[in-house]
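Subject: Structure for your review

Dear colleague,

Please find the structure below, together with its sequence. My notes on what was found in it follow.

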Amino acid sequence: MVRQPDSCRRKELIMFPLKRIVCPTDFSEPALEGLRNAIELAEKFEAELIVVHVVEPAMWTGLAYSPTGYNPPDITQSLKEESTKSLNQLQSELIPEHIPCRLLTLEGKPADQIVRFSTEESANLIVIATHGYSGFHRFVFGSVTERVVRTANCPVLTIRPRENRTTE
């Protein structure tokens, strides 16, 4: 009997561990589809799911003639509070209770914050939609996804909206 060298033996398939999945959302339908995929992966791999929304700080131009009562930190705080409410609603409506889940609202430039947070948390995977809201927001979120794909330190799974998928 001829024995095969070790290099020719069939090797066991080893998949990288999925312990922590980060799923950014802008609360659009495509982002919710990305979240549904992230939930499915978290369930199958018994991974922690971290759903994040990034609020960009309101810009202050410092104009002398700005409207009375306009305070960018107040606007940013209001956006963060609304984000927290929306994330809690997503959790109660979509995420099964048996999946370990954290919800976070981050502040800053979305792509930078998603990548920074994923690195700090040692995420094994980022699940992100390729598009967000339509129009200008769709363009901005698409560029966020592209930047996350280019700069992330872990694998990134991009989820295309159903209407953009090809049928075979």
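A residue is called buried when its relative accessible area is under 20%, exposed when that area is over 50%, and partly exposed in between (1.4 Å probe, protein chains only). This is a predicted model, in which local features need pLDDT of at least 70 and side-chain atom pairs count only at pLDDT 80 or more, while totals for chains, interfaces and linings use all residues. Residues are numbered from 1 along each chain as its sequence is written, and side-chain values use heavy atoms, with hydrogens and water left out.

**The strands**

Helices (H or I, at least four residues) and strands (E, at least two) are DSSP runs, numbered from the N terminus. Strand S2 (residues 48-55) is largely enclosed by the rest of the structure, because eight of its eight residues are buried. Glu-48, Ile-50, Val-52 and Val-54 point one way from S2, and Leu-49, Val-51, His-53 and Val-55 point the other way.

Strands are taken to pair if DSSP finds at least two bridges between them. S1 and S2 run parallel and are joined by five bridges; Pro-24 has Val-52 as its bridge partner in S2. Between these two strands the chain passes through H1, and this β-α-β crossover is right-handed, meaning that, with the strands pointing away from the viewer, the path from the first strand over the helix to the second runs clockwise. S2 also runs parallel to strand S3 (residues 101-107), with seven bridges joining them. Among the residues involved, His-53 has Thr-105 as its bridge partner in S3.

**Thr-25 and the cysteines**

Thr-25 lies in the loop between strand S1 (20-24) and helix H1 (29-45). With a relative accessible area of 4%, Thr-25 is buried. Leaving aside neighbours within four places in sequence, Thr-25 is in contact (heavy atoms within 4.5 Å) with Ala-31, Val-51, Val-52, His-53, Leu-87 and Leu-90.

Counting as a disulfide a pair of cysteine sulfur atoms within 2.5 Å, the model has zero disulfides. Cys-23 is buried, with a relative accessible area of 0%. The closest cysteine sulfur to that of Cys-23 is in Cys-101, at 9.6 Å, which is too far for a bond.

**Salt bridges**

Side chains of opposite charge can pair when their charged atoms come close. A salt bridge here is a side-chain nitrogen of Lys or Arg within 4 Å of a carboxyl oxygen of Asp or Glu, and the count comes to nine.

One of them joins Glu-48 and Arg-102 (2.7 Å, N to O). This pair links distant parts of the chain, with Glu-48 in strand S2 and Arg-102 in strand S3, 54 residues apart. Glu-48 is buried at a relative accessible area of 17%, whereas Arg-102 is partly exposed at 30%.

Another joins Arg-147 and Asp-112 (3.0 Å, N to O). Arg-147 is in helix H4 (residues 136-151) and Asp-112 in helix H3, 35 residues apart. Both are partly exposed: Arg-147 has a relative accessible area of 37% and Asp-112 one of 31%. Elsewhere, salt bridges that share partners join Arg-20, Glu-48, Arg-102 and Glu-121 into one network.

Lys-85 and Glu-82 also meet in a salt bridge (3.6 Å, N to O). Both lie in helix H2 (residues 72-94), three residues apart, about one turn of the helix. Lys-85 is exposed at 54% relative accessibility, while Glu-82 is partly exposed at 44%.

Yours sincerely
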